[in-house]
Amino acid sequence: MSAPIFLLIDAGNSRLKWATVSSRGPVRVTGEIATKDATSAWIAALARKFPGHQLILATVVPKLLPTFRRAFSKRIEVVTGNSRALGLAFDYPKPVEIGADRLAAAVAAHASGHFPAIIIACGTATAFTVLDAKGRLCGGVIAPGLQTQLAALLGATAQLPNTLLQSPRSALAKSTQEAIRAGVMLNFQGGVKEIIHRLSEALPGRKKPDLILTGGNAHYLTGSLDLPHTLRPLLIFEGLRIIGNRIWAPDRK
């Protein structure tokens, strides 16, 4: 029997990204669009473009699910807290409430065997997902992401100018736009550090958790975190491939 080929999709609130990969990889993102542009016609065309691929889908946009299920029929696995191939234990009352992207990232982190761990996924939201010393997904934090903070600030004030998100040259800003950049960025970086500190305190045991950064805004943290960490930009896709292997290629986990 030939090895399966997977279509991995991470459909977030803002962007939908996909990758095609064999059971052994490596994973590379092969395309992305705005999630709002993932129409029924687009999804149907995607299914026709990849007729032999098994789809593993992580989405936080529930309205997309019926269309994906129709288009891919029996060759789709939708990641949820009830998914049969997560390989995760939970110390969490309702795993079905956890976002599919967070679950997929946790699967990849758990497969590495290093816990406790805190996964920081930096996208539209900044989501912290915690694995305890036993490898159980035990909770986390969800905070506004960088673009969300910037949009909220500009949307709530009449006189502040539109500002592109980028690292400020200095905390001592010399223009309104630089002041906005400094405020949003330092608030993001400082907030992440504080949340990591509080989560680390909440975990039982003395071992410090591994920190794993992922998501489109993770690079804004790598130079400012001042804590040992690992950058894994494709963590969600790594988890989706692991799930796919457990279902369609169990000998290639």
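Is Asn13 buried or exposed? At 56% relative accessibility, Asn13 counts as exposed. Keep in mind that this is a predicted model.

**Asn13 and its surroundings**

- You'll find Asn13 in the loop that runs between strand 1 (5-11) and strand 2 (15-22).
- Leaving aside residues up to four places away in sequence, Asn13 touches Thr35, Val60, Val61 and Thr124.
- Asn13 and Phe72 sit 59 residues apart in sequence, and their C-alpha atoms are 21 Å apart in space.

**Helix 1 against helix 2**

- Two packed helices are described by the angle between their axes and the distance between the axes.
- For helix 1 (residues 40-49) and helix 2 (residues 65-72), the axes come within 9 Å and cross at roughly 30°.
- That angle makes helix 1 roughly parallel to helix 2, since anything under 35 degrees falls in that class.
- Helix 1 goes past helix 2 in a right-handed crossing.
- On the helix 1 side, the contact uses Ser40, Ile43, Ala44, Leu46 and Ala47, while helix 2 brings Thr67, Phe68, Ala71 and Phe72.
- Sorted by class, this contact between helix 1 and helix 2 has seven nonpolar residues, two polar ones and no charged ones.

**Helix 3 against helix 7**

- Helix 3 and helix 7 (residues 235-248) pack with their axes 7 Å apart, at an angle of about 80°.
- The two helices, helix 3 and helix 7, are therefore roughly perpendicular to each other, as the class covers 65 to 115 degrees.
- From helix 3, the contact residues are Asp101, Ala104, Ala105, Val107, Ala108, Ala109 and Ala111; from helix 7, they are Leu235, Ile236, Glu238, Gly239, Leu240, Ile242, Ile243 and Arg246.
- The class count for helix 3 with helix 7 is eleven nonpolar, one polar and three charged residues.

**Helix 4 against helix 5**

- Helix 4 (residues 146-155) and helix 5 (residues 176-202) have axes 10 Å apart and pack at an angle of about 135°.
- That makes helix 4 oblique to helix 5, because an angle has to be over 145 degrees to count as roughly antiparallel.
- The crossing of helix 4 past helix 5 is right-handed.
- Leu146, Gln149, Leu150, Leu153 and Leu154 of helix 4 meet Ile180, Val184, Met185, Asn187 and Phe188 of helix 5.
- In class terms, the contact of helix 4 with helix 5 has eight nonpolar residues, two polar ones and no charged ones.

**Cysteines**

- A disulfide is a covalent bond between the sulfur atoms of two cysteines.
- How many disulfides does the count come to? The count comes to zero disulfides.
- Cys122 is in no disulfide, and its nearest cysteine sulfur, the one in Cys138, is 19 Å away. To count as a disulfide, the two sulfur atoms would have to be within 2.5 Å.
- Cys138 is likewise in no disulfide, with the sulfur of Cys122 as its nearest cysteine sulfur at 19 Å.
- Cys122 is buried, with a relative accessible area of 1%, whereas Cys138 is partly exposed, with a relative accessible area of 24%.

**The loop around Asp91**

- Asp91 has its place in the loop between strand 5 and helix 3.
- With a relative accessible area of 41%, Asp91 is partly exposed.
- The C-alpha atoms of Asp91 and Leu137 are separated by 6.0 Å, although the two residues are 46 residues apart along the chain.
- Not counting residues up to four places away in sequence, Asp91 touches Arg136, Leu137 and Cys138.

- Phe115 and Pro116 are joined by a cis peptide bond, with omega about 5°.
- Pro116 is in the loop between helix 3 (100-111) and strand 6 (117-122).
- Ser73 isn't a glycine, yet has a positive phi of about 50°.
- Ser73 is in the loop between helix 2 and strand 5 (76-78), and at 49% relative accessibility counts as partly exposed.
- Asp226 also has a positive phi in a residue other than glycine, near 60°.
- The loop between helix 6 (219-222) and strand 10 (230-231) holds Asp226, which is exposed, with a relative accessible area of 66%.

How values were computed
Residues are numbered from 1 along each chain as its sequence is written. This is a predicted model: local features need pLDDT of at least 70, side-chain atom pairs count only at pLDDT 80 or more; totals for chains, interfaces and linings use all residues. Side-chain values use heavy atoms; hydrogens and water are left out. Axes are lines fitted to C-alpha atoms, for helices over the stretch in contact, and angles run from 0 to 180 degrees between N-to-C directions. Helices (H or I, at least four residues) and strands (E, at least two) are DSSP runs, numbered from the N terminus. A crossing is left-handed if the near helix is turned anticlockwise from the far one by less than a right angle, and right-handed if clockwise. Contact means heavy atoms within 4.5 Å. Ala, Val, Leu, Ile, Met, Phe, Trp, Tyr, Cys and Pro count as nonpolar, Asp, Glu, Lys and Arg as charged, and the others, Gly among them, as polar. Buried means under 20% relative accessible area, exposed over 50%, partly exposed in between (1.4 Å probe, protein chains only).
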